[in-house]
Amino acid sequence: MTSLRTPRVSIGIPAYNEAANIGRLVRGLLAQDETGYELVEIVVASDGSSDDTAAIVQGFSDQRVKLRDSRERLGKTTRMNQLLSDFDGDILILLDADVAVGAPDFVSCAARDFRPKYGVMAVNAVPLAGRTLVEKCVVAGSSAVEQAAAHWDGGSNYLAFRGACLVLGQEFARRLELPASLVSNDAYVYFCARQLGYTPKYAREIRVRFRVPATIRDHLRQSERFQHSSAELARALADLSIPTSYRVPRGILVRAFLTQLRRRPLALVGYVVLTVHTRVHIGRKPDVTWDIATSTKELGIASCTTEQ
């Protein structure tokens, strides 16, 4: 970020029943190499958590770690809106609670690469290596989608903007309010930035890690949110004056899947089978307090690796 002074960074984390992960994530953020930025705050917005999420956050003695604890579960979108409307930094990094930042210069790189003209910048959400057969199949599919996103208009497309981590400038964040009933909030943020005249950026070399579903049941739970996303976004974005295309160019998509087919032939075929199964068995559109895919919370970060 080009500035006459060191950028001040706020980190916001919406969290629901994240006792297994929130302590590790906050410790990792506090241990970051604070070069080229000033860490102002880490704000955890607990969305009616019934586990020890709030207690773990309260246990940090660092005054920059703050808890916004609600007894009522209203959904991730509501907590994102609260974080967007009330933070002290020049830059807001929104992180899912079930990710790992890994590299000690993650925040430094995000602050260095961000420019106010972007409005919002997405980073590369890289899946951890699969442990179960289902997980390996989903990793293959996720990797193909990421490759397609990176090559579609140089990463300037909604597909690259997955909500695991978004970096927003203060000006854009103050202008942004997500519809309370919205589930596909990451793509909505991308299209809103474009509507307001920003040029959103995909920073592929900056990475966070996450766990994909390890069971068919969890895959169905998570896919319910994504399968209805196009129709939901079309309604939410009906008044925008910019093109809101959801269809990935066929050539880019085919090349991405062929690459994964060469690398992981059985896993990618399995992913296709899972996708067909999901489309057949998909249920109604989930509300903003959707059922959690519990296997995605089991990062096993001490011993796991990422897929390449």
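This is a predicted model: local features need pLDDT of at least 70, side-chain atom pairs count only at pLDDT 80 or more; totals for chains, interfaces and linings use all residues.
Side chains of opposite charge can pair when their charged atoms come close. A search of the whole structure finds 17 salt bridges. One of them joins aspartate 90 to arginine 5, with 2.8 Å between the closest N and O atoms. Aspartate 90 lies in the loop between α3 (76-85) and β4 (91-95), while arginine 5 belongs to the segment before β1 (8-15), so this contact ties together parts that are 85 residues apart in sequence. Aspartate 90 has a relative accessibility of 14% and counts as buried because it falls under 20%. Arginine 5, at 47%, is partly exposed.

A second salt bridge is formed by the side chains of arginine 73 and aspartate 47, at 3.8 Å from N to O. Arginine 73 is in the loop between β3 (65-70) and α3, and aspartate 47 is in strand β2 (residues 38-47), so the pair ties together parts 26 residues apart in sequence. Aspartate 47 is buried, with a relative accessibility of 3%, whereas arginine 73 is partly exposed at 25%. Arginine 73 has another contact: its charged end sits over the ring of tyrosine 16, 3.8 Å from the ring's centre. Elsewhere, arginine 174 lies over the face of phenylalanine 87, 4.3 Å from the ring centre.

Next come the aromatic rings. The whole structure holds seven aromatic pairs. Phenylalanine 114 and tyrosine 118 form an edge-to-face pair, with ring centres 6.1 Å apart and 85° between the planes. Both of these residues are buried. The rings of phenylalanine 257 and tyrosine 271 have centres 6.4 Å apart and planes at 35°, so that pair is tilted. Phenylalanine 257 is in helix α10 (residues 250-263) and tyrosine 271 in helix α11, 14 residues apart. Phenylalanine 257 is partly exposed at 21%, and tyrosine 271 is buried at 17%. Finally, ring pairs link Trp152, Tyr158, Phe161, Tyr190 and Phe191 into a cluster.

Technical notes:
Residues are numbered from 1 along each chain as its sequence is written. Side-chain values use heavy atoms; hydrogens and water are left out. A salt bridge is a side-chain nitrogen of Lys or Arg within 4 Å of a carboxyl oxygen of Asp or Glu. Helices (H or I, at least four residues) and strands (E, at least two) are DSSP runs, numbered from the N terminus. Buried means under 20% relative accessible area, exposed over 50%, partly exposed in between (1.4 Å probe, protein chains only). Rings of Phe, Tyr and Trp (its six-membered ring) pair if their centres lie within 6.5 Å; planes under 30 degrees apart count as stacked, over 60 as edge-to-face and the rest as tilted. A charge sits over a ring if NZ of Lys or CZ of Arg is within 6 Å of the ring centre and within 35 degrees of the ring normal.
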